[in-house]
Amino acid sequence: MTRAAIFIGLPVLAALLLAGCATPASERYYRLAYPLGGMVGGAGTETTSPAIRYELIVGSVQIPEAINRAQLVVQKSDTEALVSDDQRWVAPLDEQIALAVLAGLRSRLPGAWLASSATVSAVPAPGLPRYHLKVQVEQLLIQSGERVTLEAGWIVQDGSHKMLKRERTVIVVPLRGPGYDPIAPAVSEAVQQLSAALAKSVQAAGAL
């Protein structure tokens, strides 16, 4: 090997070594915010529980598989989406939305005993009417630097699963700036607006 070839090869080798040692992009994790203070009897509170007048059983929240993934999914156009491997939800998005909905309902329906369908007893508490709420998120579009659009439908049923009310809504929340940081707060706000609509629907169905 000639001396010239050695001199040429050394910078190339050094560049390869530096590339191999480069620090990978750090992952960032996001969670939805919801009103923990609305949980009656939570840790650190001395709130007196109001009289419970009915049970409200909330089913698992269904969301499209396209967005129910660990990575944030951002719409670049009507037909193109960006899945970011280093910007992630800290827990499955459907679970986070379900928890946020439960917390939002609890803060708005103080007369309800709320539970998820996965944990509730099959037998209602004596003397308490039971209602069921089933929610499906039809779309959750995150348009980078612009807005979050949440479309959802739901039904309210009585204890025998007879449908009392069927409704849907479209909620639009502006993103407060570019980048990924405003996304989780905007999705959180959209879910809380959904919770407010759900609470009004439950009350209108007769669960007061």
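Let's start with a residue: His132 sits in strand β6, residues 130–143. A word on terms: helices (H or I, at least four residues) and strands (E, at least two) are DSSP runs, numbered from the N terminus. The model is predicted, so local features need pLDDT of at least 70, side-chain atom pairs count only at pLDDT 80 or more, and totals for chains, interfaces and linings use all residues. Residues are numbered from 1 along each chain as its sequence is written, and side-chain values use heavy atoms, with hydrogens and water left out.

Back to His132. Is it buried or exposed? His132 is buried, at a relative accessible area of 12%. Buried means under 20% relative accessible area, exposed over 50%, and partly exposed in between, with a 1.4 Å probe and protein chains only. Leaving out residues up to four places away in sequence, His132 touches Leu56, Ile57, Ile155, Val156, Gln157, Asp158, Gly159 and His161. Contact here means heavy atoms within 4.5 Å.

Now the whole chain. The protein chain has three helices and eight strands. From the N terminus, the order is α-β-β-β-β-α-β-β-β-β-α. Of its 208 residues, 36% are buried. Take contacts between residues at least 6 apart in sequence: 66% of them join residues at least 24 apart.

Next, Val173. This residue is in strand β8, residues 163–174. Val173 is buried too, with a relative accessible area of 7%. Which residues does Val173 touch, not counting residues up to four places away in sequence? They are Arg147, Val148, Ala186, Glu189, Ala190 and Gln193. Val173 and Ile142 are 31 residues apart along the chain, and their C-alpha atoms are separated by 9.8 Å.

Last, the helices. Two packed helices are described by the angle between their axes and the distance between the axes. Helix α2 covers residues 93–108 and helix α3 covers residues 183–204. Their axes come within 9 Å and cross at roughly 50°. Axes are lines fitted to C-alpha atoms, for helices over the stretch in contact, and angles run from 0 to 180 degrees between N-to-C directions. So α2 and α3 are oblique to each other. Under 35 degrees counts as roughly parallel, over 145 as roughly antiparallel, 65 to 115 as roughly perpendicular, and the rest as oblique.

Who makes the contact? From α2, Ile97, Ala100, Val101, Gly104, Leu105 and Arg108. From α3, the residues include Val191, Leu194, Leu198 and Gln203.
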